[in-house]
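Dear colleague,

I am handing over the structure that we spoke about, and I would be glad if you would read the notes below with it open beside you.

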Amino acid sequence: MPMKKRRLSHLPPTAVPITSNDLLAGLRSSKETLEQFRIALASYFGISGDACRLASSGRTALYCLFQGLKARRPARTQVVMPAYTCPAVARVVVDLELQPIFVDLVPETMCYEPDGLEAVVGEQTLAVVLVHPFGIPLAVGETIALAHEADAVVIEDAAQAMGARWDGQPVGTRGDFGLFSLGPGKPISTGGGGITVANDAQATAVLDSGWTHLPEPSNLVSVTAWMRQAAFQLAFQPRGFWAATKMGLHRVGNHESSWGYTVQGLTAMQAGVGLALLPRLDAINAQRRRKARKLQEALGRSPNLRSIFVAEKAEPIFLRYPLLAASEEERESLYEALWAAGMGVGRLYEKSLPAIYKPGTQASFPGAETIARRLLTLPTHHNVTGDDIINVKVVASA
Ligand SMILES: Cc1ncc(COP(=O)(O)O)c(C=O)c1O
């Protein structure tokens with residue numbers, strides 16, 4: 001079967017179906033919109049309004065959360081996190097003069113190596129971060145038990161997983177805290193933005209102290225953020241993304257300079273867009289799941305590609321569809337073939353976190369290194385067509 005290459009069009013790796021009405025809702029916002037968005041989110045997650053806080057990005061929300069945790073437990077200086085995840089998460093930890101402690105992952109499940117976690121969680125541990133990768137919910141029970149035994153907290157990093165559930169319960173609401181991102185390409189996007197939720201009264205008190213000094217954004221920041229979102233919306237259309245790839249703009253997020261963040265609040269305009277999108281989150285995610293199922297069928301039992309394990313109780317949203325290629329060479333050749341056909345395939349983070357942050361231990365991280373070398377992600381969004389899925393089938397069976 002021949003490939004059907006896209007012409008003057010390239011699928012982005014992720015996308016959200018944002019309409020001009022959603023953007024207009026941002027322009028019509030007022031100061032009260034921020035509070036309305038916060039309450040609407042809390043109701044979506046099934047928590048009290050008080051337990052939900054907003055910030056200008058997921059990184060900022062995490063920064064404020066760590067500030068609150070640090071103030072409460074100044075003697076604890078270590079944050080345990082996966083050896084393969086978004087490098088900006090470790091950057092926030094380092095910025096606060098905390099020490100990231102990396103734990104290896106099992107590539108087939110993206111879960112912590114159980115022995116690895118047990119070996120590092122202890123008296124110095126402030127928090128354990130558990131990431132739900134690509135919108136696939138992971139089990140949290142054992143991690144919570146281990147962390148609580150050491151009197152540390154668990155932060156569920158659901159930046160890529162808003163709307164995913166475990167046994168019917170939204171991810172991010174099972175650990176002590178949950179983190180979500182409203183950045184470009186996330187489950188719903190306001191062009192930038194972050195949310196932290198707390199799951200009991202004690203954890204809510206931590207948010208109170210972490211958010212005390214968060215500056216409000218100026219009018220200029222508000223307007224710039226709205227324009228940025230409008231520009232992203234164009235760039236995340238297949239024609240816009242094609243133009244962006246010609247200018248090399250699709251590589252911007254890979255660079256360390258893009259990991260920085262500003263410590264300030266979310267703007268009312270962004271909250272207005274978020275408030276317009278939130279009622280459609282479940283429908284947008286259901287659509288992603290349907291595409292993921294079609295991709296899975298198209299891939300069949302390809303000997304060169306393996307899907308990531310999804311537990312029975314997990315209801316994933318598949319922000320991207322992740323695969324592990326049999327080798328780095330295989331990954332590269334699949335990447336090249338699908339990219340040439342106009343598919344927004346991704347390699348995600350090119351290095352493990354220990355390779356970037358050089359923790360100075362003798363420990364090795366073979367699972368994380370394997371993921372960095374062999375991971376390939378496929379888009380699942382509304383712009384993926386039947387022809388794109390046929391292309392995946394052709395490439396996978398070649
Ligand atoms: C797993 C994970 N955590 C945290 C973040 C940070 O979110 P933000 O980009 O909103 O700062 C990201 C962003 O890509 C992420 O993928």
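The notes below take up the ligand and then the strands.

Please keep in mind that this is a predicted model, in which local features need pLDDT of at least 70, side-chain atom pairs count only at pLDDT 80 or more, and totals for chains, interfaces and linings use all residues. Residues are numbered from 1 along each chain as its sequence is written.

Around the ligand there are 15 residues, the closest being G58, C86, A159, S181 and G183, where a residue is near a molecule if its C-beta atom, placed from the backbone, lies within 6 Å of it. Two or more residues of this shell come from each of α3 (58–72) and α4 (87–95); helices (H or I, at least four residues) and strands (E, at least two) are DSSP runs, numbered from the N terminus.

Three strands make an open, antiparallel sheet in the order β9-β8-β13, and strands count as paired if DSSP finds at least two bridges between them. Because β9 (169–170) and β13 (314–315) stand at the edges with a single partner strand each, one side of each has no neighbour in the sheet. Strand β8 (residues 165–166) is joined to β9 by two bridges, and R165 has P170 as its bridge partner in β9.

Elsewhere, β14 (residues 320–325) runs antiparallel to β15 and is joined to it by five bridges, with L323 partnered by L376. Five of the five residues of β15 (residues 375–379) are buried, so this strand is largely enclosed by the rest of the structure; buried means that 20 or more other C-beta atoms, placed from the backbone, lie within 10 Å of a residue's own.

With best wishes

Key: Buried ≥ 20, exposed ≤ 12 C-beta atoms within 10 Å, placed from the backbone.
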